[in-house]
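Subject: Structure for your review

Dear colleague,

Please find below the structure that I am handing over to you. I would be grateful if you would look through it together with the notes that come after it.

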Amino acid sequence: MMKLLGTRELETKRLLLRRFVLEDAEDMYYNWASDPEVTKYLTWPTHSSCEITKMLLREWISKYKDEDYFNWAIEYKETGKVIGNISVVKFNEAILSADMGYCMSRSLWGNGIMPEALTEVIDYLLNEVGLNRVAACHAVENPKSGRVMEKAGMKMDGILRQAGKNNQGICDEVWYSIIKSDKR
Ligand SMILES: CC(C)(COP(=O)(O)OP(=O)(O)OC[C@H]1O[C@@H](n2cnc3c(N)ncnc32)[C@H](O)[C@@H]1OP(=O)(O)O)[C@@H](O)C(=O)NCCC(=O)NCCS
């Protein structure tokens with residue numbers, strides 16, 4: 001049975017996954033939203049000012065009242081700073097399936113942080129919310145995101161040719177998923 005629990009706080013060894021607050025705007029802007037290397041393969045434009053980040057955060061925060069809205073700030077416990085985000089970018093209630101998106105500060109890439117966050121969020125969505133499937137895709141040119149999916153226990157479904165568009169233009173999408181009956 002599905003229980004739409006919304007963005008509940010989750011914790012891992014190094015991370016606190018929590019709701020964004022407006023005061024996170026500066027960290028979000030400086031740590032990742034203003035970095036063109038972070039947004040290179042993403043669908044949204046690099047933020048040109050912290051005001052834009054603030055506007056977006058206002059919108060996100062207003063959605064937390066919706067129980068089918070899942071969008072976490074990734075707080076690095078060691079520094080207390082918000083270093084990235086992980087969210088459900090598309091929710092399909094009819095088939096109990098969620099597509100994930102995530103990004104984080106370049107200064108911390110390569111430490112297994114996003115796999116740690118994604119693993120926790122997958123557990124939450126499958127075991128607490130009661131979804132059957134969690135999926136994600138990355139541009140063929142961005143294989144490091146595929147490594148995140150693999151480390152979180154997802155398996156490759158296949159490639160959808162020229163099916164997406166990011167800041168580099170039209171791209172081939174590599175899709176991954178995990179379903180409840182998969183052994184982890
Ligand atoms: C993709 C991303 C979330 C990975 O997060 P992470 O916490 O660095 O993940 P990992 O530490 O597990 O590293 C994943 C892969 O990134 C690559 N990588 C590691 N350190 C790196 C560095 N300093 N610079 C560039 N790439 C690096 C490696 O290929 C690594 O795989 P490996 O462990 O098999 O060597 C992060 O790079 C990011 O935010 N990228 C920009 C946004 C983005 O692409 N989001 C996903 C869109 S689908």
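The notes below describe what was found in this structure, which is a predicted model.

Surroundings of the ligand

The shell around the ligand holds 20 residues, of which Trp109, Gly110, Met114, His138 and Lys144 come nearest. By type, eleven of the shell residues are nonpolar, six are polar and three are charged. At least two residues each come from β5 (97-104), α4 (113-129) and α5 (143-151). The largest contribution is that of α5, which gives five residues.

In soluble globular proteins, nonpolar side chains tend to be buried together. Here the largest nonpolar core comprises 44 residues, and Ile74, Ala117 and Leu118 are those that touch the most other members. Helix α4 supplies the largest share of this core, nine residues. Leaving aside residues up to four places away in sequence, Leu118 touches Ile86, Met100, Tyr102, Val148 and Ala152.

The buried residues of α4 are Ile113, Met114, Ala117, Leu118, Val121, Ile122, Leu125, Leu126 and Val129. After α4 comes Gly130, which has a positive phi near 90°.

Helix α3 runs over residues 50-63 and has 14 residues. From its first C-alpha to its last, α3 reaches 20 Å, close to the 20 Å expected at 1.5 Å a residue. Which residues of α3 are buried, and where do they lie around its axis? Thr53, Leu57 and Trp60 are buried. These residues are on the same side of α3 because they cover an arc of only 60° around the axis. Glu51, Arg58, Glu59 and Ser62, on the other side of α3, are exposed. The buried residues of the helix pack against α1 (25-33) and β3 (71-76).

Residues with a positive phi

Most residues other than glycine have a negative phi. Leu96, although not a glycine, has a positive phi of about 50°. This residue lies in the loop between β4 (81-92) and β5. Gln162 is located in strand β7. With 10 C-beta neighbours inside 10 Å, Gln162 counts as exposed, since the limit for exposed residues is 12 or fewer.

Gly158 in β7

Strand β7 (residues 155-166) also contains Gly158. Is Gly158 buried or exposed? Gly158 is exposed, because 9 other C-beta atoms lie within 10 Å, and 12 or fewer is the condition for that class. Gly158 and Glu116 are separated by 42 residues in sequence, and their C-alpha atoms are 24 Å apart in space.

With kind regards

Terms used:
Residues are numbered from 1 along each chain as its sequence is written. This is a predicted model: local features need pLDDT of at least 70, side-chain atom pairs count only at pLDDT 80 or more; totals for chains, interfaces and linings use all residues. A residue is near a molecule or strand if its C-beta atom, placed from the backbone, lies within 6 Å of it. Helices (H or I, at least four residues) and strands (E, at least two) are DSSP runs, numbered from the N terminus. Ala, Val, Leu, Ile, Met, Phe, Trp, Tyr, Cys and Pro count as nonpolar, Asp, Glu, Lys and Arg as charged, and the others, Gly among them, as polar. A nonpolar core is a set of buried Ala, Val, Leu, Ile, Met, Phe, Trp, Tyr and Cys residues joined through C-beta atoms within 7 Å. A residue is buried if 20 or more other C-beta atoms lie within 10 Å of its own, exposed if 12 or fewer, and partly exposed in between; C-beta atoms are placed from the backbone. Two residues are in contact if their C-beta atoms, placed from the backbone, lie within 7 Å. The expected span of a helix is 1.5 Å times one less than its number of residues. The arc is that of the directions from the helix axis to the C-beta atoms.
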